[in-house]
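Please look at the sequence and the model together before reading the points below.

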Amino acid sequence: MTSRHRSSEASKGLNSLSPRRRTVVKAAAASAVLAGPLAAALPARAATDAPAFLHGVASGDPLPDGILLWTRVTPTAEAVPGSGLGPDTAVSWVVARDKAFTDVVAKGSTTATAASDHTVKADIRGLEPATDYWFRFSADGTDSPVARTRTAPAHDAAVAGLRFGVVSCANWEAGYFTAYRHLAARGDLDAWLHLGDYVYEYKSGEYAARDKVVRPHAPANEIITLADYRVRHARYKTDPDLQALHHTAPVVAIWDDHEFADNAWSGGAVNHTEGAEGTWSARKAAAKQAYFEWMPVRPAIEGTTYRRLRFGRLADLSLLDLRSFRSQQASTASGSVDDPDRTITGRAQLDWLKAGLKASDTTWRLVGNSVMISPFVVGSLSADLLKPLAKLLGLPQEGLAVNTDQWDGYTDDRRELLAHLRSNAIRNTVFLTGDIHMAWANDVPVDAGTYPLSPSAATEFVVTSVTSDNLDDIVKVPEGTVSAIAAPVIRAANRHVHWVDTDRHGYGVLDITAERAQLDYYVLSDRTSPNATSAWTRSYRTRSGTQKVERTYDPV
């Protein structure tokens, strides 16, 4: 979340008296992590050497003629994630138009090796656009689960509508992933967007649910080595609700900081001690390698998650990487938030984004954005609200500054991007954002200080966390208590904010037609219960041509 949204997240779920971190190294060498902690990342399996698909299957990055398929095979009992053990194993895949696989349209095989942690990807092409398919993998007579996926519409297709699930910030130790289960149960998604913090890097107990570990993750130490990151991804992929969603629709994912370490930037992170925890470059490389091994993501540029997908003439989706190229978060030592030499995107990515938005001929231009782009003035809050908010965002609790981990900390990039939208009359740009553990519906003003006299250049829908702590969790009060007080104050100081919910957990459903883009916000009854129910709470939309958000009173 911020320049400590992350060290906040280290403190976010932590008790306010939790000692400042990083005095000793918690990392273990890969060889020391290969026994119990690694095995803990796996569900129980039969005492047999037959291959097993213990982490489900997944698909991602849909194209009009293709889809990226993923799985992980456990070829032998000792070949647990991160171990580097296990033989090369032939893995075949098959794609069909029906769940019974009577109408097969594609098949092939590849080899899973220890070098890629026995993960497998198959980039399937030659498929029909806007079509449901079923797929599975097989190894030595053992079949994986069967999953549904869907291709994107044809490049120039007139698409009546699109529907995406939208999620972010799923902390294993803070609760159950019932948000994923409820999205999977819908059965009506073209795809789902994960806007970052798919996994968290903390050691067990450091960042949980109001300081309580709901379920322990693996490994127990903070993840630093390649083996560590592999084991953590593997633990997440054993979750039945996450598997269910991956088995239902393709994912389109970007990373934020916790796939690396809290408040990561190009040269380091708040949650990284250079030397004691190795070099940042080695840790970042390990995190990226594990991410690309374990996620069905097709990088357009090697080592990044920024890329663009198109869904007919209705929408294109620009996906950002706001960690690999950013300058260090602003501080007295590292410079001002207005310094034009500091960047959140990097020059090449910003130019790519601007060019893509200008060249787009779709009705809607969606931007998958890991941290909030709308300005957020917080200084008007009372002291009793200011401190927990500062903790959540990782801000100084005495003498509040802006949230320098989001676009507020890189105002020159934001100014350039919004000016580009205005000067080129680029309409219908919608930022889809996670990270902040709160739900928001915002206009994105060119000049927040004079809004609403200043025009709005875009709109932004922000989804809350799946499980990660938010304001009521930090204050440890009943859900909704903080929001009832804070939301009116936040809106009064930020007139471009139409709605903010600081307290609840859940997900969004984005529905797009030529006339409007609408986000329905859903909340969970209890993130710590594996049987949590889901309920619709609010909906906001932006109508074509307006660049403004408005409330609507029914979900799609």
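Arg516 has a relative accessible area of 16% and is therefore buried, a term that means under 20% relative accessible area, with exposed over 50% and partly exposed in between (1.4 Å probe, protein chains only). Its side chain meets that of Asp511 in a salt bridge (3.0 Å, N to O), that is, a side-chain nitrogen of Lys or Arg within 4 Å of a carboxyl oxygen of Asp or Glu. Asp511 is also buried, at a relative accessible area of 8%. Salt bridges with shared partners join Arg163, Arg186, Asp188, Asp511 and Arg516 into one network.

The model is predicted: local features need pLDDT of at least 70, side-chain atom pairs count only at pLDDT 80 or more, and totals for chains, interfaces and linings use all residues. Residues are numbered from 1 along each chain as its sequence is written, and side-chain values use heavy atoms, with hydrogens and water left out.

**The chain as a whole**
- The protein chain has 11 helices and 22 strands; helices (H or I, at least four residues) and strands (E, at least two) are DSSP runs, numbered from the N terminus.
- Of the 556 residues in the protein chain, 62% are buried.

- Nine of the nine residues of β20 are buried.
- In a regular strand the side chains alternate between the two faces of the sheet.
- From β20, Arg516, Gln518, Asp520, Tyr522 and Leu524 point one way, and Ala517, Leu519, Tyr521 and Val523 point the other way.
- β19 and β20 pair in the antiparallel sense over seven bridges; two strands pair if DSSP finds at least two bridges between them.
- These two strands, β19 and β20, form a hairpin with three residues between them, and Gly508 stands opposite Tyr521 in β20.
- β20 also runs antiparallel to β21 (residues 534-543), to which nine bridges join it; here Tyr522 stands opposite Trp536.

**Nonpolar cores**
- A nonpolar core is a set of buried Ala, Val, Leu, Ile, Met, Phe, Trp, Tyr and Cys residues joined through side-chain atoms within 4.5 Å.
- The largest such core has 42 residues, and Phe177, Tyr180, Trp192 and Tyr507 have the most contacts inside it.
- Elements that each supply at least two residues of this core include α3 (178-186), α6 (280-294), β19 (506-512) and β20 (516-524).
- Helix α6 gives the largest share of this core, six residues.
- Beyond its neighbours within four places in sequence, Trp192 is in contact with residues including Tyr180, Leu242 and Val251, where contact means heavy atoms within 4.5 Å.

**Helix α6**
- Because 11 of its 15 residues are buried, α6 is largely enclosed by the rest of the structure.
- The cover over the buried residues of α6 includes β2 (66-72), β5 (119-124), α4 and β11.
- Among the buried residues of α6 is Glu293, whose side chain meets that of Arg230 in a salt bridge (2.7 Å, N to O).
- Glu293 lies in α6 and Arg230 in α4, so this pair ties together parts that are 63 residues apart in sequence.
- Glu293 has a relative accessible area of 8%, and Arg230, at 7%, counts as buried.

**Another salt bridge**
- The count of salt bridges comes to 36.
- One of them joins Asp61 and Arg307, with the closest N and O atoms 2.9 Å apart.
- This pair links distant parts of the chain, as Asp61 in β1 (residues 57-63) and Arg307 in β12 (residues 307-311) are 246 residues apart.
- Asp61 counts as buried at 1% relative accessibility, and Arg307 counts as buried at 3%.
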